Amino acid sequence: MSPQQPTTGSTPVFEIESVTKRFALSDSLLDRAIGTREFVTAVDDVSLTIHEGETLGLVGESGSGKSTLANLITGLYEPTEGMISFDGEPVGHVSARPTDVRSQIGMVFQNPKASIDPRMSIRDAIDEPMKAQGWSRSRREDRMEELLSLVNLSEHHADRYAHELSGGQAQRVAIARAVALEPRVLVLDEPTSALDVSVQAKITNLLVELQERLGLTMLFIAHDLSVVEHIADRVAVMYLGQVMEVAPTEQLFERPTHPYTSALLSAIPEVGPDGGETVILEGDIPSPVNPPNGCVFHTRCPIARPECAEINPQYEGISHGRTKCLYPIDDEIESGAEQ
Ligand SMILES: Nc1ncnc2c1ncn2[C@@H]1O[C@H](COP(=O)(O)OP(=O)(O)OP(=O)(O)O)[C@@H](O)[C@H]1O
């Protein structure tokens with residue numbers, strides 16, 4: 001088994017190869033002419049594989065590049081450098097993707113009410129993607145019944161409008177819409193962040209159930225490691241546009257190898273190492289307009305050495321994953337990953 005393969009399926013669905021996305025901050029003619037355009041590097045040389053049937057958790061602080069990476073995968077953005085393949089075929093901007101590829105990816109966002117047209121009944125909102133796809137009325141009606149039951153909503157909810165629903169109910173509607181066309185992949189950008197804590201677990205459980213029943217491949221984005229612990233097969237940790245560590249979930253929680261992952265974990269009371277100290281990261285995240293030389297984490301790393309300010313680390317192989325650190329915390333099982 002390759003070091004990056006998850007415990008579930010092993011066929012790559014998405015392959016992200018050395019992908020970088022830069023945005024120009026100032027784009028005036030004068031800036032262009034005199035070469036003073038500034039760029040923000042939102043995603044910086046990321047390589048990741050998302051395998052069939054797995055849930056990959058993508059975690060990082062605000063501004064670490066998670067949404068930009070999701071938008072690259074779904075084709076809303078095109079990479080500045082690098083390549084993304086779907087089923088082995090390079091995919092570009094969403095407008096250039098064939099409809100059958102587009103319908104294979106469903107998306108769920110943080111604020112469910114904002115993603116549903118307030119003038120549409122819930123039934124019409126769920127119906128919309130099927131109608132746009134040209135499905136017959138009877139096919140859509142059958143599917144509507146299936147979808148409502150799949151997300152545990154009743155006919156009674158279907159006749160309401162978004163503002164009449166609770167946050168959890170609205171997120172169920174958004175999920176029903178996202179899976180209406182039977183996609184293979186679901187990209188979920190902070191799907192539980194805007195919900196009450198009591199509702200978050202219900203939505204996470206619903207997603208786990210859907211993933212099992214429909215055999216979905218999922219990319220689940222969250223700020224917080226604790227959110228992905230129970231849903232992800234593997235977790236990728238982002239910092240300043242780069243993936244610092246990717247590993248199977250249990251392994252990442254029990255034996256983090258990157259000091260950044262370790263610091264994030266230590267801050268979660270029920271997860272942090274027994275009797276271990278909480279590592280407080282000093283300082284703010286540096287600007288992605290002017291990222292630090294060497295390892296981008298060295299300015300906040302509690303165990304940085306002088307050479308970390310000079311050398312941009314290559315990925316070190318760890319058991320079934322990899323870590324981007326010159327001095328990774330010992331991984332006791334095995335090593336030898338390629339990516
Ligand atoms: N269209 C854009 N133009 C310029 N800068 C952008 C654009 N989109 C994102 N950025 C910048 O890229 C960096 C990464 O942003 P991104 O939204 O991907 O991070 P994130 O991890 O999803 O953050 P959050 O959790 O707050 O949504 C940030 O510094 C952001 O300001």
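## Ligand surroundings

In this predicted model, 13 residues surround the ligand, the closest being Phe-23, Ala-42, Ser-62, Ser-67 and Thr-68; a residue is near a molecule if its C-beta atom, placed from the backbone, lies within 6 Å of it. Strand S2 (39-51) and helix H2 (66-73) are the elements that give two or more residues to this shell. Helices (H or I, at least four residues) and strands (E, at least two) are DSSP runs, numbered from the N terminus. H2 supplies the largest share, three residues.

By class, the shell has four nonpolar, eight polar and one charged residues. Here Ala, Val, Leu, Ile, Met, Phe, Trp, Tyr, Cys and Pro count as nonpolar, Asp, Glu, Lys and Arg as charged, and the others, Gly among them, as polar.

## Confidence

The protein chain averages a pLDDT (the predictor's confidence in each residue, from 0 to 100) of 88, and 91% of the residues score at least 70. Over residues 1-7 the pLDDT is below 50, and over residues 333-339 the pLDDT is likewise below 50. Where pLDDT is low, the predicted coordinates should not be read in detail. For the complex, the predictor gives an ipTM of 0.98 and a pTM of 0.90.

## Overall fold

The protein chain contains eleven helices and twelve strands. Its C-alpha atoms fill a box of roughly 65 × 60 × 40 Å, taken along the principal axes.

## Conventions

Residues are numbered from 1 along each chain as its sequence is written. Local features need pLDDT of at least 70, side-chain atom pairs count only at pLDDT 80 or more, and totals for chains, interfaces and linings use all residues.

Notes:
Contact = placed C-beta atoms within 7 Å.
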